[in-house]
Amino acid sequence: MIAPLLEQIVIALGMGILGAVIFAGIGLISGSDETTTLAPLTLLVVLLGVPAPGVLTFFLAGAVAKHMTHAVPTALLGIPGDTLATPLMREANLLRKLGVPHIALRKMISGAVIAALIAVPMAVLFAVMLAPFGDAIKRSAPWIFLAAAIAIAWFSKGRLAAVLALIPFVLIILGLQALTGQFGVKLSVSYFLGIAIGPLIAALFALLAPDERRSMRRSEVRTFSLSPDVKSAGGYFPNPLKVLDSQQSRWTAITAVISSATFVFSPVAMTVILGELVGSRIKHVYHRLTTVITARNGVTESTYIAEALIPLIAFGLPLSPVAAGPAAPLFNAPPRFTVDSATGEVHNLHTLLSTWEFFGYGMLAVIVAILIAYPFTMNYAYRAASWVTRKISHEAVIATFVGLILVIGIWEGGLLGLLVIVTVGLLGGFLSRFLGFNIGVQFMGYYTAVLTVPALL
Amino acid sequence: MKPELYEVWGDTVDARHLVYAIGIGAVVSLSAFFVAQHFLLMWVESAQMARAYAMLVGILGCLAGGAISATLFKPKRHVVEHQADPAWRAQVLVELQNEFGDLGRLADLPPETVAELREMDLYDLFANYEKDLAAAPVADAASGLSVSGSRS
């Protein structure tokens with residue numbers, strides 16, 4: 001009885017450490033989008049057959065660590081570390097101009113620690129409250145996905161254009177499925193990757209078109225101004241509660257609880273809205289900047305944790321923007337994890353782990369990520385930022401992702417898999433660029449195609 | 001030859017270097033994948049697991065390709081160490097005022113924040129700002145108006 005449990009815990013711990021280390025590194029690279037990086041690597045972990053607790057800790061520790069180290073480019077270089085760092089740019093840049101980027105950095109990651117620790121128990125609590133409705137929701141899953149797709153499209157930048165663009169997008173996916181089906185090839189990962197990496201594919205195509213190429217031409221390299229290193233007090237592992245003042249800790253806790261409950265909304269929107277809420281209550285401008293940046297970075301952690309955990313525990317269906325995007329492989333990774341559209345029958349982490357296991361392994365993942373990413377960011381932020389900007393060329397980053405497209409596409413479906421990634425990526429990338437039909441909407445479009453449409457026909 | 005610089009996916013690249021890097025990334029990652037698949041299919045019993053491990057090797061190949069490109073092609077970035085100088089800070093106050101309007105009073109701050117401001121040498125900046133504000137209330141009212149106008 002004890003031995004198998006111990007083995008599970010050791011695996012969960014190991015995978016948590018692995019996820020935290022990998023994504024603490026990825027977080028340093030500015031512009032490394034969460035979905036593009038978390039989804040394929042988590043999928044890999046699922047398909048390699050890692051036991052359920054290890055899959056969960058890998059994903060959660062990765063997400064938590066990434067949202068700490070993303071503070072490094074955000075605060076020290078003035079460029080967003082990833083998608084969720086964009087709402088923090090205003091405060092980060094103003095604090096940089098005041099000459100205190102290290103304060104921005106320390107506050108951000110301290111907020112992350114507090115919010116992440118609060119979010120896990122909150123998410124479990126809200127999931128338990130929602131669980132009684134789980135069966136009803138599963139039965140009407142196809143309709144809920146359709147409604148969610150329309151709602152997420154409406155609240156994207158594209159508004160009505162995004163809602164209407166869902167129709168051709170879903171048709172293309174159905175068409176591609178029919179095409180590959182003729183050759184007996186059933187794809188899923190290729191669609192995820194195509195959607196997630198669409199902006200890169202669209203940019204590379206644009207570079208080949210003479211007119212677009214002219215507009216992308218630059219006469220000189222970009223200048224990055226790196227803030228100098230400042231030795232800070234508090235030792236190797238400063239107490240986050242001492243880095244923040246009591247008001248900042250309180251606001252971080254409050255926004256963490258609120259954002260854990262609002263798991264159906266987009267994480268970027270929640271980060272913006274809750275930051276404004278906090279900012280409107282603080283009078284002095286310096287205090288406002290530091291408190292807002294603390295609370296906002298806390299929200300980047302708590303929304304990710306809650307949006308992954310609540311749908312996993314309560315429904316087993318990917319019913320949140322995070323669950324539909326970066327956390328998608330926790331729900332649906334055929335052949336290992338499956339979601340059946342017509343019956344609402346699921347086989348994934350929802351069926352493999354109990355609520356208490358979600359709580360225990362969730363806390364384990366968060367603590368592992370904090371122990372790795374927090375002291376690393378506190379002590380080595382400057383050196384890390386300097387090394388990445390001086391040594392890692394953008395060509396190398398693009399080459400790595402092109403390699404990823406080729407390997408995953410050919411692994412899943414040979415030439416057909418590759419063509420599907422390129423087709424979906426090109427279409428999605430341009431729809432996102434010109435209509436504001438963002439990656440979250442595209443994922444919901446994919447789910448509408450594979451879950452709602454078969455139930456309707 | 002003068003490098004042809006383009007902004008792709010959020011940063012500057014040299015077109016020729018990008019083509020080479022993509023070529024290297026493609027060749028290294030795919031050869032890693034196919035070679036691993038060839039041997040693993042012979043060694044591992046379950047074909048599905050063999051292919052999953054081959055994908056893992058392929059992904060390591062992607063990283064290796066990226067590492068090779070990183071050593072061959074230097075970043076197209078100009079990195080300067082930037083120290084915000086004190087003269088500039090006064091400029092920032094104006095910017096803050098445009099952004100937020102009233103900057104608030106130091107008296108409203110909790111003691112730990114005041115200590116933090118002193119430690120960062122920012123206390124005097126805000127204290128002087130308040131002093132100037134008290135000395136020239138009329139001018140401030142005028143600038144306050146223009147600020148609220150520009151904020152909409």
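What follows is a friendly conversation about a predicted model.

Mentor: Residues are numbered from 1 along each chain as its sequence is written, while chains are lettered from A and ligands numbered from 1 in the order in which they are written. In this predicted model, local features need pLDDT of at least 70 and side-chain atom pairs count only at pLDDT 80 or more, whereas totals for chains, interfaces and linings use all residues.

Trainee: Which pattern does chain B follow along the sequence?
Mentor: Helices (H or I, at least four residues) and strands (E, at least two) are DSSP runs, numbered from the N terminus. Chain B has six helices and three strands. Read along the sequence, chain B follows β-β-α-α-β-α-α-α-α.

Trainee: What percentage of the residues of chain B count as buried?
Mentor: A residue is buried if 20 or more other C-beta atoms lie within 10 Å of its own, exposed if 12 or fewer, and partly exposed in between, with C-beta atoms placed from the backbone. Chain B has 152 residues, and the buried share is 25%.

Trainee: How far apart are the end C-alpha atoms of helix H1 of chain B?
Mentor: The expected span of a helix is 1.5 Å times one less than its number of residues. H1(B) covers residues 15–43, and its 29 residues should span 42 Å. The model agrees, because the end C-alpha atoms are apart by 42 Å.

Trainee: Which helix of chain A is included in what covers the buried residues of H1(B)?
Mentor: The buried residues of H1(B) include Leu18(B), Ile22(B), Val28(B) and Phe33(B). Contact here means that the C-beta atoms of two residues, placed from the backbone, lie within 7 Å. The cover includes strand S1 (5–8), strand S2 (11–14) and helix H2 (47–72) of chain B, together with a helix of chain A, H21 (394–435).

Trainee: Which element gives the most to the side of chain A that touches chain B?
Mentor: The contact takes 62 residues from chain B and 52 residues from chain A. On the side of chain A, 14 residues come from the element that gives the most, H21(A).

Trainee: Which residues of chain B does Ala203(A) touch?
Mentor: Ala203(A) belongs to helix H11 (residues 198–208) of chain A. It counts as partly exposed because it has 19 C-beta neighbours inside 10 Å. Not counting residues up to four places away in sequence, Ala203(A) touches Val8(B) and Trp9(B).

Trainee: Is Ser354(A) buried or exposed?
Mentor: Ser354(A) sits in the loop between helix H19 (349–352) and helix H20 (355–391) of chain A. Within 10 Å there are 10 other C-beta atoms, so Ser354(A) is exposed.

Trainee: Where in H9(A) does the kink lie?
Mentor: The 23 residues of H9(A) should span 33 Å, and the end C-alpha atoms are 34 Å apart, which agrees. The bend at a residue is the angle between axes fitted to the seven residues ending there and the seven starting there. A kink of about 30 degrees comes shortly before the proline Pro168(A), at Leu166(A).

Trainee: Which elements of chain A do the buried residues of H9(A) pack against?
Mentor: Among the buried residues of H9(A) are Ala162(A), Phe169(A), Val170(A) and Ile173(A). The buried residues pack against H8, helix H10 (189–196), H21 and H22.

Trainee: On which residue is the kink in H22(A) centred?
Mentor: H22(A) is largely enclosed by the rest of the structure, because 13 of its 18 residues are buried. Its kink is about 35 degrees, centred on Thr448(A).

Trainee: Which residue has a positive phi of about 50 degrees although it is not a glycine?
Mentor: Look in the loop between helix H8 (141–154) and helix H9 (160–182) of chain A. The residue there with this positive phi is Arg159(A).
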